[in-house]
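This briefing covers a surface patch, a helix and the aromatic pairs of the structure shown below.

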Amino acid sequence: MAWIKTIPFDAATGKLKTLYDRVTGPGGNVDNIMMMHSLRPQSMEGHMALYKAVLHHSGNSLPKWYLEVLGVWVSSLNDCAYCVEHHFAGLQRLLRDAPRGDAIRAAIEARNPQLAPLESAERAGMVYARKLTEAPAAVIEADINALRAAGLNDGQILEINQVTAYFSYANRTVLGLGCSTRGDVLGLSPNNSENPEDWGHS
């Protein structure tokens, strides 16, 4: 499951047990990416707080399924199969249009956002996310202006920025420690967007 020691659900105690109880899915399942933090529960707590705020918060105005598109896109650019598979499953569950989801994934795999069945502003967000992922120091103010010209407001631009940044963090956590999907239930997420403290996966 990983290249470092992890503590299984049934062996957890104290703060780790409390956190595992908060992030569980069906049957007490804890995603492997969360178990990677088990030797340092404080980093799991920080990871989940950021993840919930960036992708699953009622204060966001971009649709969740599109934020998942960005997650799959960034993860694909970083060659992180774990996050691609998890978040593509989540994308399909939220989008509820499997053929469209498959077409979006095909555009991602072709590295060509213009092929994706998305609105022009959504494709512009993917262009920005790619530059921020592959050449962050090359991002300039004109890139932000291009997003505004595509119809995105500054709050939505911030959402795209934060999802892109979060997935680069998550991808490096997974790739750097050898996390696999073995035993995971793909596509679960903390769906109660109204309560930032509710981390339960369903």
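In this predicted model, Trp3, Ile4 and Leu39 form a nonpolar patch on the surface, and together they have about 330 Å² of accessible area.

**Surface patch**
- Isoleucine 4, one of the residues of the patch, is located in the segment before α1, and with a relative accessible area of 33% isoleucine 4 is partly exposed.

**Helix α3**
- Helix α3 spans residues 41-55, and its 15 residues reach 21 Å from the first C-alpha to the last, which is close to the 21 Å expected at 1.5 Å a residue.
- The buried residues of α3 are Pro41, Met44, His47, Met48, Tyr51, Lys52, Val54 and Leu55, and their cover includes α1 (14-23), α2 (32-35), α4 (64-77), α5 (81-95) and α9 (154-177).

**Aromatic pairs**
- The structure holds five aromatic pairs.
- In one of them, phenylalanine 9 and tyrosine 20 have ring centres 6.0 Å apart and planes at 20°, so the pair is stacked.
- Because phenylalanine 9 lies in the segment before α1 and tyrosine 20 in helix α1, this pair ties together parts that are 11 residues apart in sequence.
- Phenylalanine 9 is partly exposed at a relative accessible area of 28%, whereas tyrosine 20, at 0% relative accessibility, counts as buried.
- Tyrosine 166 and phenylalanine 167 form an edge-to-face pair, with 5.0 Å from centre to centre and 80° between the planes; tyrosine 166 counts as buried at 5% relative accessibility, as does phenylalanine 167 at 0%.

How values were computed. Residues numbered from 1 in each chain as written. Predicted model: local features only at pLDDT ≥ 70, side-chain atom pairs only at ≥ 80, totals over all residues. Heavy atoms only, no water. Helix = DSSP H or I, 4+ residues; strand = E, 2+ residues; numbered from the N terminus. Expected span 1.5 Å × (residues − 1). Buried < 20%, exposed > 50% of the residue type's maximum accessible area, 1.4 Å probe, protein only. Contact = heavy atoms within 4.5 Å. Patch = residues over 30% accessible without salt bridge, like charges linked within 9 Å, V, L, I, M, F, W, Y side chains within 5 Å. Areas by Shrake-Rupley, 256 points an atom, 1.4 Å probe, with all protein chains shown as cover. Salt bridge = Lys/Arg side-chain N within 4 Å of Asp/Glu carboxyl O. Phe/Tyr/Trp six-rings, centres within 6.5 Å; stacked < 30°, edge-to-face > 60°.
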